Amino acid sequence: MLVLVSYDVSTETSAGRRRLRRVAKICLNHGQRVQKSVFECRVDQAQLETLKFQLLDEINEAEDNLRIYRIPEPLGKHVMEFGRFRATDFDDTLIV
Amino acid sequence: MTLLQNTLYVTTPDAYLRLEGETVCVMVEQQRRLQVPLHHLGALVLFDHVMLSPALLGRCAEDGRSVVWLNRSGRFQARLEGPVNGNILLRQAQFRTAEDGRAALVLARATVAGKLRNSRQVLMRGAREAKSGADRDTLVKAARLLAIQIRKLPQAETLDALRGFEGDGARLYFESLPAVMREPVREQFPFEARSRRPPRDAFNALISFLYALVLADCRAALETVGLDPQLGFLHAVRPGRPALALDLLEEFRAPLADRLALTLINRGQIQPGDFDCREGGAVLLNDKGRKTVITAYQERKQETLTHPLLQQDTPIGLLPHIQARLLARFLRQDVRAYVPYLQR
């Protein structure tokens with residue numbers, strides 16, 4: 001399944017900035033950055049749980065917020081892309 | 001059921017792959033070209049000068065992710081070997097079967113039968129789609145001769161006799177294969193006989209490259225199941241030779257590689273400009289051609305079809321895994337016979 005993870009992490013304190021970096025890192029481990037604090041992750045049920053727990057472990061629920069959306073397939077029908085960034089489809093052929 | 005994971009192909013010379021968190025970063029000239037979470041990848045296939053960081057190597061070895069290095073023309077160079085894993089009892093059964101000449105012959109015969117049967121299927125499909133009567137006649141005739149050849153297989157009492165039948169069948173098949181090519185394409189891709197090391201014409205270069213890709217998948221499938229890819233039944237054991245992977249490859253050559261090669265040239269997706277000629281008459285795919293072929297192969301692997309024996313829908317890319325499992329079942333004597341993959 002494809003999920004969209006977006007977050008607001010308070011960066012007023014250095015602890016907050018640290019949380020921000022760590023949250024981004026966890027998201028990167030599961031998917032790709034499509035905007036500054038928006039990630040698309042293709043995961044199965046177990047990986048989604050891992051992702052969720054790792055993120056919840058990191059954020060401060062009093063100051064930050066986290067939203068995870070599930071995107072229905074097929075993607076081509078439900079996701080529109082505009083502008084300069086183009087996401088990589090990890091299920092597509094990967095050649096560099 | 002195994003999930004069909006993606007394969008990362010790196011064909012850019014001097015690319016550097018490193019582990020970053022749980023992802024692979026492909027760096028080209030200090031720039032990040034691609035970052036992929038490891039959980040998407042079942043295998044890395046690297047062409048020529050591609051480097052991996054020690055951390056990434058270690059991680060791939062630990063997870064059993066296959067890492068294969070091929071040279072520019074797709075010839076196998078090296079692969080990463082992690083800790084020996086899998087089922088020792090299964091491997092013992094494999095070794096016992098190989099020692100038992102009778103059982104090995106039965107398996108080798110199934111392999112050859114699958115290969116010739118699937119080759120014949122390619123010719124018959126060509127005959128159905130033939131534009132001219134002459135081509136259709138050539139193909140139907142060759143298919144009939146192949147059928148005779150297949151019926152002779154049970155007579156083979158030794159491996160050598162069996163290999164003789166296999167060779168005759170393969171020659172018959174390749175002789176009539178140009179009739180499957182469309183008329184104008186046939187002049188662009190003159191093909192007379194199979195040549196390898198090096199391939200002497202573009203079509204040979206194309207199928208050699210595809211065989212290398214399918215072989216890497218067969219080998220990974222055997223290792224995933226826990227079989228030893230070096231101990232084959234049809235192919236003799238030689239140091240460094242993945243004999244069992246070559247055995248498994250036989251049944252897939254025609255349906256996965258040859259058929260795809262024919263489609264690519266018939267549709268004009270691959271053209272003579274996608275090949276380079278080397279001194280001494282070798283012909284090899286160039287960078288552009290290689291990318292086209294890899295993309296087409298990857299797309300093909302995503303397509304699903306119904307496995308004829310199991311009657312379940314499977315992505316084409318998982319067929320080697322399924323056959324490796326059926327082979328393991330036979331070696332463990334859970335089933336009475338090994339049935340090769342038979343293309344519809």
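Domains, helices and the chain contact

Colleague: Which domains does the domain assignment give for chain B?
Modeller: This is a predicted model. For chain B, the assignment gives domain 1 (2–85) and domain 2 (91–331).

Colleague: How much area do domain 1 and domain 2 of chain B bury between them?
Modeller: The centres of the two domains of chain B, taken over C-alpha atoms, are 26 Å apart. In the contact, 19 residues of domain 1 face 24 residues of domain 2. Carbon and sulfur atoms carry 55% of the buried area, which is about 1,900 Å².

Colleague: Is helix 3 of chain B roughly parallel or antiparallel to helix 4 of chain B?
Modeller: Helix 3 (residues 101–129) and helix 4 (residues 133–152) of chain B have axes 8 Å apart and pack at an angle of about 160 degrees. Angles over 145 degrees count as roughly antiparallel. Therefore helix 3 of chain B is, relative to helix 4 of chain B, roughly antiparallel.

Colleague: How many residues of the contact between these two helices of chain B are nonpolar?
Modeller: Helix 3 of chain B contributes residues including Leu116(B), Leu123(B) and Met124(B), and helix 4 of chain B contributes residues including Leu139(B), Val140(B) and Ile150(B). The contact holds 3 polar and 3 charged residues, and the nonpolar ones number 11.

Colleague: Which residues of chain A lose the most area to chain B?
Modeller: In the contact between the chains, 16 residues of chain A meet 27 residues of chain B. The two chains bury about 1,700 Å² between them, 61% of it on carbon and sulfur atoms. Together making up 43% of what the chain A side buries, the residues that lose the most are Leu94(A), Ile95(A) and Val96(A).

How values were computed:
Residues numbered from 1 in each chain as written. Chains lettered and ligands numbered in written order. Predicted model: local features only at pLDDT ≥ 70, side-chain atom pairs only at ≥ 80, totals over all residues. Heavy atoms only, no water. Axes fitted to C-alpha atoms, helices over the stretch in contact; angles between N-to-C directions. Helix = DSSP H or I, 4+ residues; strand = E, 2+ residues; numbered from the N terminus. Parallel < 35°, antiparallel > 145°, perpendicular 65-115°, else oblique. Contact = heavy atoms within 4.5 Å. Nonpolar A, V, L, I, M, F, W, Y, C, P; charged D, E, K, R; others polar. Domains from an automatic or database assignment. Buried area = accessible area lost by both parts, 1.4 Å probe.
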